[in-house]
Every structure is written in structure tokens, then in C-alpha cells.
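Grab a pencil and work through these exercises with the structure open beside you. Each task is followed by a solution that goes step by step.

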Amino acid sequence: MYDYIIVGGGPAGCCLANRLSEDPSVRVLLLEAGKRDTHPYIRMPGGFAKLTGTMGTWGYETAPQENLDGRRVWYPQGKILGGGTSINAQVYTRGHPKDYDEWAEDCGCKGWSFKDVLPYFRRLEDNPRYVNDFHGQDGPFEVSDPTPHPLTTAFVRAAQQAGIPYNHDFNGEKQEGCGVYQVCNRGGSRTSGATAYLHPASKRPNLTVKTETLSTRILFEGKKAVGVEYLEGKASAPTSERCEREVLVTAGAIGSPKLLMLSGVGRPDDLKKVGIDPVHGLPGVGRNFHDHMDVFAISECKGDFSFDIYKPLHMTVWAGLQYLLFKSGPVASNLCDGGGFWYADPDARSPDIQFHFLPGSGLETGVEKIRNGVTTNSAFLRPRSRGSVTLKSADPREAPLIDPNYWGDPYDREMSIKGFRWVREIMRQPAFEPFIKGEKMPGPGVDTDEDIAAYARQWSKTDYHPVGACKMGVDDMAVVGLDLRVHGLEGIRVCDSSVMPQVNSSNTAAPTLMIAEKAADHVLDRI
């Protein structure tokens, strides 16, 4: 018997496992469907290039996207201890303060304004550069300042030439601008939810971690959650564990709504269609799902300037040796060390597009490789489109139907195109003249809005930031309350990115950890 069962070993689950097990009298069980984070690629910052395929992920694809010519989009989501923080590109951003103020003011999430959440951002962070009101120095999550690739330096200069000012700190007083990202690694090793929170707590006798363990449903007695049923390893028959206090669901933006529905929590008619007896009707479970979508350009270099020079086997071996001996070189890079935030809509309340500059081509699954090139991603940050996560069947081993409904709202399409035009404006600036021969994809012949839209329908991809399918709030479609308890149930909370009522205007790893840090205080009655 445990006090708490945490379902999902992603960043939020790792954080909660640490914070709750700090009390030696509290018994904590963490269940993770994936393996332990021991593969060398996971620890290497540059391993990101190997981790957007099937390694360490669920192998998901979206449902056919109606507004992307019916295309299924490859959808990497972490299935490993540390979750997305064990496979991502390690860009450390939080979003804009107005994101959280809108949660509080427009979404009814009192207590989640930027003023309220900033202490948790500071609590989780160990920042080597800043000592001010926006940053922390003693938290478990180590970030660092990368040495930018020469092409990244050219990107930052080119963006300024295009009219986007320089910004030294995207998590400080202002978000807008271009610059070098702080990253979630230190000393040549990735910082993940597992390395920051779980590994330091792993020897505590009151913390049990089970990997390769698929949670199949939450056990209820009436309206109270009392345990979790799961399949361990290759077992064909489920087993279960009970808890005295709470079940904390941290299975991620897709896994958390899936588990609730498998447990009979959701829309009763939808559950009955797949043979699940409803336990509690909640119409918002699986709804409000949304994500950032990337439209990228690939430019060809005039010479051997980019990371692509390491693609031949002998150069790959050399890069590996450099990393093993000195923890330096391309493998020590997160491969995405520059970018910025700017405006697609000039009337936007804050930057609404984000750039990620990658000094190479084909560094992500689904992105074309050329002999020597660079990739510039643009993502519209505040999509109006909303999709869903629904069950295909009652089989917990079957992937759910994932539908981000990209470009479901015409405004998202318009802003994506405008954001992509900013990419082209940057890449055409004099700072790139010594390095860039020209645009390879989509190519200069793709120029009208319709041409760009047609290209994006074929080549756009996820920015790996799904949220919202167990949204927090007080309206009829909210799934959890302001303390993250599931509405109408006892002994169960959802504590991860799925509770975001609106996606933050940046990468989502740091905000997910913030949610977990705040959730720990709610669970422990510190708020």
C-alpha cells in the first residue's frame, strides 16, 4: 500500500516523485510505461537528432489532418523516464507573462497568473548567468549558456538586420527579439526531469519506481480513486496497487486523457461506444487539445559550414570521440542554439511566432536532408484551432486517435504563412551572404500565400508542444480545478501539460515542470 501513486514518469511525474518522497514517512510509487533513461543518446545533447523517431517515443501519428491534405503527421512523444525532457532539443523558455495572466483572467484559473507561477519557475531553476527576480540559482534543473555555432551567430545578426532586436534573455523582462537560447544541459550532458529530480531521489527507501509498466486504468470505489491497475513488462494479466491518499496522473498531454477515458471518466456516450462503463461524466476529457505547428525552410550552404559535415561515417566517429574525450563538439550541442520571438500579427498582445534555427538539415524525423544546409523553423504560438484525443478501443495498448486539428481555424493558417515569410526575410540578409547559397525548400518558386500553404500542407510538422486535453478551469468543459483535482472525483489529480487551458507562447518543458512544482504544494497543502 502506498500513499501516492504517480502515473507517468515524464518531467511532471519525476518532479512530484521527488517532492513527495522528501518526507520519509510518505510512500510513493511511480509508474512509467517506457524504459529507464540509460541509452547514451539520451545523455548526449546532440542525441536529439536520433530521438525524434521511434527510439524512446510512443511511435504516434496524428489522425489524417483535414487541413493538411489528409496527411498523418509524425508525432514524437516521450516513452522513457524523463518523458519529453529526455528526447527534446533542450531549449529553455517559459513563454510570455501574459500567457499565465490570461489563464487567470480569461480562463478562470485564479492563482495561476505570472505573479503566482514565477516563484515555481525560480524554484526549479539552476541558472549560471542570472541573479534577478526572474531566475533561480539553487533549483534542481540545470540550464546553461551554449557556445553558439558560427551559423547561429550569423542567424542572430541576420535577424537584427531584418528588424528584430537582440534579446539576451527570453525569460526575463522582455520576450521579443532574437538571440541565443539558454539550454537544458550542463557540462555536455542533458538535463531532464529524470536527471534533475528522479535520479537524486532514487535511493530513498520510500520511493518505488517501476518502468516498462503500462497503466491500464484507475481504480475507483464510488467516486474516489483508490489505486491503479497496470501491465508490468510482458505480462498478459494486469496487477494493481492501492493508495491511501491520491492518484496523481502525469502521463502527458495524450496519455493523461487516455488513462482517464480508459478508467471511465469522460463523455459517457463516447465511452460506451468502445465498451467502457462510465464512472464519471466529464465532457471536457480529451477536448481542447492543441499544439504548435512548424513550417520550416531549408537553405543550402556555400561550403562545409553546418553540422551536416558530420554525416559521413568517419566524421561521425570523430565527433563521437571528441565528445567522449572532451565533452565538446557537435555531440555536446543541442543542435538548436538560436532563435527568437516576433510578431506575425502586428496587433498581437505579445510575440506570436517563434523561430528555432538548426545549423544542419534533416536533424528531425520527417525533415529533408541535403548535403550541407541549415533549417529554420517557424511556429505560430497561439493557435485558435482545437482538436481532440479520443479512444479507438478499450485496449490500453492501442494508441488513441490524436487530432490536433492543425489549421482548423483560418487565422492559424494566415499567421503561419506570415511567420514563414519572416524566416525568408531573415535568411536573405547580408549576414548570411558568406554562408548561404539559397533556399532549397520550398525554393524561391514558392512565393504566393497559396503556394506556401500548399508546401506547408505537405511538409509542416509538430513543434512537440501538445497541451490542453484535461484543461484546468471552472467552466463546463474544464476537467480539473485550480488545485488540479479532477472535477467531481476524490483522490485524483492531473498534474502535467494536459491541464493547460491555453498553450504557453514558447517551448513547454519548463512550464510543465512549473505545473508539477505547484502541484506538489497543492498536494502537500502548502497553498
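This is a predicted model: local features need pLDDT of at least 70, side-chain atom pairs count only at pLDDT 80 or more; totals for chains, interfaces and linings use all residues.

**Exercise 1. Which charged residues sit over the rings of Trp 112 and Tyr 411?**

Step 1: Start with Trp 112. Over its ring you'll find the charged end of Lys 518, 4.1 Å from the centre.

Step 2: Now jump to Tyr 411. Arg 384 lies over its face, at 3.5 Å from the ring centre.

**Exercise 2. Does helix H12 have the length you'd expect, or a length that is off, and what surrounds it?**

Step 1: H12 runs over residues 509–523, which makes 15 residues.

Step 2: Of the 15 residues of H12, 15 are buried, so the helix is largely enclosed by the rest of the structure.

Step 3: H12 is followed by Asp 525, which has a positive phi near 55°.

**Exercise 3. Now try helix H9: what span should it have, and how far apart are its end C-alpha atoms?**

Step 1: H9 covers residues 313–326, which is 14 residues.

Step 2: At 1.5 Å a residue it should span 20 Å, and its end C-alpha atoms are 20 Å apart, which agrees.

Step 3: After H9 comes Lys 327, and its phi is positive too, near 50°.

**Exercise 4. What kind of aromatic pair do Phe 357 and Phe 432 form, and where do they lie?**

Step 1: A pair of rings is described by the distance of the centres and the angle of the planes.

Step 2: A search of the whole structure turns up 18 aromatic pairs. In the pair of Phe 357 and Phe 432, the centres are 5.9 Å apart and the planes make an angle of 40°.

Step 3: Stacked needs under 30 degrees and edge-to-face over 60, and the rest count as tilted. The pair is therefore tilted.

Step 4: Trace the chain. Phe 357 belongs to strand S19 (353–358), while Phe 432 is in the loop between helix H10 (410–427) and strand S23 (436–441). They're 75 residues apart, so the pair links distant parts of the chain.

Step 5: Both Phe 357 and Phe 432 are buried.

**Exercise 5. Which residues of helix H11 are buried, and what do they pack against?**

Step 1: In H11 (residues 449–459), the buried residues are Ile 452, Ala 453, Tyr 455, Ala 456 and Arg 457.

Step 2: The buried residues of H11 pack against strand S17 (293–301), H10 and S23.

Step 3: Check the loop between S23 and H11, where Pro 442 is placed. The peptide bond leading from Met 441 to Pro 442 is cis, with omega near 0°.

**Exercise 6. Are Tyr 464 and Asp 475 buried, partly exposed or exposed?**

Step 1: Locate them. Tyr 464 lies in the loop between strand S24 (461–462) and strand S25 (492–494), and Asp 475 is found in the loop between S24 and S25 as well.

Step 2: Tyr 464 has 22% relative accessibility, so it counts as partly exposed. Asp 475, at 33%, also counts as partly exposed.

Step 3: Look at the backbone of Tyr 464. Its phi is near 70°, a positive value in a residue other than glycine.

Step 4: Finish with a distance. Asp 475 and Gly 108 are 367 residues apart in sequence, yet their C-alpha atoms are 7.9 Å apart in space.

Notes
Residues are numbered from 1 along each chain as its sequence is written. Side-chain values use heavy atoms; hydrogens and water are left out. Helices (H or I, at least four residues) and strands (E, at least two) are DSSP runs, numbered from the N terminus. The expected span of a helix is 1.5 Å times one less than its number of residues. Buried means under 20% relative accessible area, exposed over 50%, partly exposed in between (1.4 Å probe, protein chains only). Rings of Phe, Tyr and Trp (its six-membered ring) pair if their centres lie within 6.5 Å; planes under 30 degrees apart count as stacked, over 60 as edge-to-face and the rest as tilted. A charge sits over a ring if NZ of Lys or CZ of Arg is within 6 Å of the ring centre and within 35 degrees of the ring normal. Contact means heavy atoms within 4.5 Å.
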